[in-house]
Amino acid sequence: MAPKMKKTAFGVGNASSNPNRKLSGAKVNGGEARTKAKINILNMYRKGSGIRNKQGVLVGGEYVMGNRAGGKEIDATTGRIAPDRRWFGNTRTVGPEELDKFREEMRVKAADPYSVILRRKKLPMGLLVESSKDAAKDGGKTQLLEVESFADAFDGRRQRKRPKVEAASLEQLAAKASSGGSYDSSKDRDRQVEDDGMRDGRKHDLFLKGQSKRIWSELYKVIDCSDVVLQVLDARNIPGTRCLHLEQYLKKHANHKHMILVINKCDLVPTWVTKQWVTTLSQTVPTLGFHASLGTPFGKGALINLLRQYSKLHSDKKAISVGIVGYPNVGKSSIINTLRSKKVCKTAPVPGETKIWQYVNLMKRISLVDCPGIVYDMGDSETDTVLKGVVRAERLPDPTDFIPAILARSKPEHLQRTYGIRKWENAEDLMTQVARRSGRLHPGGEPDFHAVAVQMINDWQRGKIPFFVPPTGTDTVNGPQAGDDEEGGEGEDGAAA
């Protein structure tokens, strides 16, 4: 007796459902025959369809299998999905304890200026600021339980203190209002005053350089395309040339960008001044001392090594962009020329030489972006604006008005050494002697005060008249080290920090 053949889903013989059938000559010579995959698809369709009677009612097939599915009977093990985490492989969960620990560690690392957070896109950075955003959105209601627990506020044994009321009755409130209290009329904007015809004069457009919308739009372009931002400061007046508004903007809106402070012109101040400023500023932001020069630069190697470290941190990018920003006439373009060891950017000892932003390739993976000088309105007077180097002395309507400020901020021995004059009584007497000594005279022997004042302002802005703002808590003359020279010439004081 022949053995029974195993029942399969494929036909036998020359049926079209048999993939191993013999093909006719017509199909061999170019006709189409069902393949094994096509036969499997047709069997799947045929198996899944329902069986209906003459009236169209389902009487068999997959749709009326009762308690069976996929050829298997549904029971307690096959009728439910196993609780396996692999079903949720694209989801990450974190408990409240782990989340608090993560927030605390990230808060410490984010406050450290020498720690860099890598792969920000793969970390839930929004969890760090989510609570603060919600608190600001609804007035701090989401932080209520962190300030005061539910039991202390609403339980029967609550310990909530009675609110502090300024007056217990209407009479006490009226008496306090009549006494005046802490009311300051100068800060009341709604107070009506008599018009005496006097108005605060508008500043001359010359003293608003670096504050136009065009200049600030150039700044934001540089910030948007930069991975590292170099803020250049003048070593003679670091508090006056530091833009805290820019640093706060980067921390709030672009905290993934790196900020570096570069103290330029450190050859114009004593060595201890640069050391103290670098030590002070390095507590919050990475700070370097720098002297821009094509011949004898200082700090060039340290700055290039730091930029190379940042380029390695951004290994996912082909190249990083380094934006160089700061006040006018602090030496931004000179730093680029020093890093390239040749003149690639136009420079001048006067403010406002750079008009638009420009790209300069430093090396294969680092590009530099030069930016025009920007000035943030901090309420500076016209004298402060001129002595910071924001305005060109040749364009001042009356430069003689700023000479008394120069005499007040500089030492007499420095002026004597610069102009070779022994004594003078006031600013006019000094300008008269300088005019006669330098030959700046009108016809008839009258001194040209305008030309002399322009010369003295230029000497101040270019560092020929020694001046610096000392760090907080140090002596202007001696400083922390009594052996340092006080005016910071171009000799041994050129190597700072």
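Helices are DSSP runs of H or I with at least four residues, strands are runs of E with at least two, and both are numbered from the N terminus. Keep that in mind for the names that follow.

This is a predicted model: local features need pLDDT of at least 70, side-chain atom pairs count only at pLDDT 80 or more, and totals for chains, interfaces and linings use all residues. Residues are numbered from 1 along each chain as its sequence is written, and side-chain values use heavy atoms, with hydrogens and water left out.

First, the pocket. A pocket is an open set of points on a 1 Å grid over the protein atoms alone, where a 1.4 Å probe fits and protein lies on both sides within 12 Å along at least five of seven lines. The largest pocket has a volume of about 1,100 Å³, counted as the space filled by probe spheres set on the points. Its lining has 46 residues, each with an atom within 4 Å of a point. Closest to the centre are Asn329, Val330, Gly331, Ala348 and Val350.

Which helix gives the most to this lining? Helix α13 does, with five residues. Both α13 (332-340) and α8 (213-224) supply at least two. By class, the lining has 15 nonpolar, 17 polar and 14 charged residues. Here Asp, Glu, Lys and Arg are charged; Ala, Val, Leu, Ile, Met, Phe, Trp, Tyr, Cys and Pro are nonpolar; the others, Gly among them, are polar.

Serine 341 is partly exposed, at 47% relative accessible area. The scale: buried is under 20%, exposed is over 50%, partly exposed is in between, with a 1.4 Å probe and protein chains only.

Lysine 265 also has a phi near 60°. Its loop runs between β6 (258-264) and α11 (271-281). Is lysine 265 buried or exposed? At 17% relative accessibility, lysine 265 counts as buried.

Next, helix α12. Its buried residues are Leu303, Ile304, Leu306, Leu307, Tyr310 and Ser311. The face turned away carries exposed Gln309 and Lys312.

Last, glutamine 461, in helix α18 (residues 449-461). Glutamine 461 is buried, at 4%. A polar atom of its side chain lies 3.0 Å from the backbone oxygen of valine 386.

Conventions: A polar contact is a pair of N or O atoms within 3.5 Å; within protein, one must be able to donate a hydrogen and the other to accept it, and residues adjacent in sequence count only if both atoms are side-chain atoms.
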